[in-house]
Amino acid sequence: MTNAAKMMRNLRAERRAAGLCPYCGETNDRPGKYYCSKCAEHHNEYSARFKSDRVVSRICPRCGGELDREGFTCISCNAKVRAATAKIKYRYREQGLCQACGKNPPKTGAKYCAPCALREQLRRRKTAGTTVSSTNNDSKLVGQQS
Ligand SMILES: [Zn+2]
Ligand SMILES: [Zn+2]
Ligand SMILES: [Zn+2]
């Protein structure tokens, strides 16, 4: 997730906690609901249109072009996002910081700091199929990170 997206998410969480609509920041007139009535209307309209567009013509939401791969964005947008991510990771590595959060310095020779390494490990275990024996997987991961 990008820093901007993270900031947006924090902002929305703060607004929500303050009883405001996370989208527009106005008082939420529908307590217990995510959006205020105005935004809920817009949002429903938007997501309904967005969804049907995507299903029918498979449009990339980032550039508006054809969605030519399985996933959220098209091939060229996905490549751009990946390149940007790689750049950030490279910068973190140059600074000797964790390549996932860019905050904590990882152990010598490791890519990620302790909490991020743990998260990565859990994520990988979740996505790994049942065909891979988990004990094998564990020893491999430990070997890579130490
Ligand atoms: Zn609102
Ligand atoms: Zn695109
Ligand atoms: Zn980290």
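View 1. The model shown here, and in every view below, is predicted. Helix α1 itself covers residues 3–17, and its 15 residues reach 21 Å from first C-alpha to last, close to the 21 Å expected at 1.5 Å a residue. The number of buried residues among the 15 of α1 is zero, so this helix lies largely in the open.

**View 2. Helix α3 and the glycine that comes after it.** This helix spans residues 75–94 and has the highest confidence in the protein, at a mean pLDDT of 93. From its first C-alpha to its last, α3 reaches 28 Å with 20 residues, close to the 28 Å expected at 1.5 Å a residue. Just after α3 sits Gly 96, whose phi is positive, at about 70°.

**View 3. Helix α5, where confidence is lowest.** Here, over residues 134–145, the mean pLDDT is 46. The stretch with pLDDT below 50 runs over residues 130–146, and beyond near neighbours in sequence it has seven contacts in the model. A friendly caution: where pLDDT is low, the predicted coordinates should not be read in detail.

View 4. Starting at the N terminus, the elements follow the order α-α-α-α-α. Of the 146 residues, 10% count as buried. Among contacts with a separation of 6 or more, 2% come from residues 24 or more positions apart. The mean pLDDT of the protein is 80, with 78% of residues at 70 or more.

Methods: Residues numbered from 1 in each chain as written. Chains lettered and ligands numbered in written order. Predicted model: local features only at pLDDT ≥ 70, side-chain atom pairs only at ≥ 80, totals over all residues. Helix = DSSP H or I, 4+ residues; strand = E, 2+ residues; numbered from the N terminus. Buried ≥ 20, exposed ≤ 12 C-beta atoms within 10 Å, placed from the backbone. Expected span 1.5 Å × (residues − 1). pLDDT = per-residue confidence, 0-100.
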